[in-house]
Amino acid sequence: MNYKNLYQSTRNKHLTASSAQAILGGIAPDGGLYTLPSFKHVGFDWQALLDMDTLSISAAILSLLLPDFDKDEMRALISASYQSKFETDDLTPTVKVGSDHVLELFHGPTSAFKDIALSVLPRLMCASAKKCGCEDEILVLTATSGDTGKAAMAGFGNVPGTHIMVFYPVDGVSAVQKAQMVTQEGSNVKVCAVRGNFDDAQSGVKHIFTSESTSFIEQSIQLSSANSINIGRLTPQIVYYFAAYAALVKDKTIQVGERVDFSVPTGNFGDILAGFIARELGLPIGKLICASNANNVLTEFLHTGYYDRKRPFHLTTSPSMDILISSNLERLLFLLSEDEALVASLMKQLNEQGHYQISRDLLLKIQDLFWAGCCTDDETRQTIGNVWQENGYLCDTHTAVAWHVAQQYKQQNPAHNPVVILSTASPYKFPEAVLAALDAPKADDGFAAIRSLHALTDVPIPQNLASLHEKIQRHFDVIDPDEMLAYVRKYAEEMR
Ligand SMILES: *Cc1c(COP(=O)(O)O)cnc(C)c1O
């Protein structure tokens, strides 16, 4: 293997791993995130992708960036992963809405974009374990802001040799998201609510990975992660940027080589970082528009270079973006500064003081690629209503945030390129908020809201959500963040 294809920790270049090791481990032992130091060397013929179907684009990109897998092996793995799981023939269709384009990422088994990566990750992880000679049972720890948890369980449920444990913020997910998770079947799944917000849950999981006291858990158990801190989770998300670009070439919105801007509803910065990597691989992306809700820590950072997590945490109608510690920003800082000592120092400041400031040079590099804006709940609500009235298109709350910020961007940048808005969830995952945006009467609960929304709009209900009300609750645990380690330890003992 080429040394350049070696992953390294964002905090220490001497902590390296093969792609299989990085997928299996999830996070580097020093708390850094495994990343390829540069994408420039790969010399990728991206134009060759434009005539391919999505599965072939996937195989090309994943085998390039995860070189422990050759193209044929990757192609077989991907085909098996997506087989009859998505409700549309095209995994990620791009549709024209008004003068913009919407990249629909929610047609998978749990109706959120997380399905695209989490359909593939279990197979990637099992194959990686084999390549690394690891025969241990794998325990996948996952913090979720609502969508990763269910998508990860749909992927890992009943996969031999794996166990999956999901922590969600007790009051931080929608009723439908909660119902999806606590009804999950499978002998290898465990779901637990945490009295705290998503950041508490994610910090708890990261702490378990790097804690000395987990070494005993790891005897005969391999811990891993299904969050976007895992490179195996991030890589499949690069693919749909190429697929959307190819769709715009096909419908003659652009010619090959012309630039496209993407508006991405952002929380943990994983999805938008995948767009950055697509750009590094050659895709003609103009600006990546980072769209936040009222938790606008990234808007401020991208405008000023000052990252400050010490601010009120808002529970919004777009809960999957209620995040103040955006993990994958660390990868961007690493890739653009090429200075892992700097990244280690910034992350230490974030951890200990709650804030950091980057240099003007680095900020300018970032601003060259990214544009940022935010959207309140009121604006989200108006946007859903307007998009429905004007275009007959029903979007969810997260998509509405990206839509609203895309319009801000276009207004302030008249010379913008064609804009693709990433649609990350089905409106039926957040039916109460979407109903309210259409000025419809309030429904009694999430299930009634799904029915009302359908009656009002006639937009089809995804299968998994249509049958959700028949499922019984199986998971009841609620713990404090400082009990997470003990909770994992107890489960690990039962696993043995
Ligand atoms: C997770 C999620 C996001 C945010 O994606 P990140 O990769 O965390 O930035 C946006 N919308 C929905 C519906 C999500 O589930």
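What percentage of the 496 residues in the chain do buried residues make up? In this predicted model, in which local features need pLDDT of at least 70, side-chain atom pairs count only at pLDDT 80 or more, and totals for chains, interfaces and linings use all residues, buried residues (under 20% relative accessible area, with a 1.4 Å probe and protein chains only) make up 60% of the 496 residues. Residues are numbered from 1 along each chain as its sequence is written, and side-chain values use heavy atoms, with hydrogens and water left out.

The secondary structure of the chain comes to 21 helices and 16 strands, taken as DSSP runs (H or I of at least four residues for helices, E of at least two for strands) and numbered from the N terminus. The radius of gyration, taken over C-alpha atoms, is 21 Å, close to the 23 Å that the globule rule gives for 496 residues, so the chain is as compact as a globular protein of that length; the rule itself is 2.2 Å times the number of residues to the power 0.38.

Helix α16, residues 377-391, reaches 21 Å from its first C-alpha to its last. Within α16, the residues T380, T383, I384, G385 and V387 are buried, and the buried residues of this helix pack against β4 (94-97), α17 (397-412) and α18 (431-437), where contact means heavy atoms within 4.5 Å. Just after α16, G392 takes a positive phi of about 65°.

At the ligand, one oxygen atom is 2.6 Å from an N or O atom in the side chain of K114, and an oxygen atom is 2.8 Å from a polar backbone atom of G267, polar contacts being pairs of N or O atoms within 3.5 Å.

Terms used:
The expected span of a helix is 1.5 Å times one less than its number of residues. Buried means under 20% relative accessible area, exposed over 50%, partly exposed in between (1.4 Å probe, protein chains only). A polar contact is a pair of N or O atoms within 3.5 Å; within protein, one must be able to donate a hydrogen and the other to accept it, and residues adjacent in sequence count only if both atoms are side-chain atoms.
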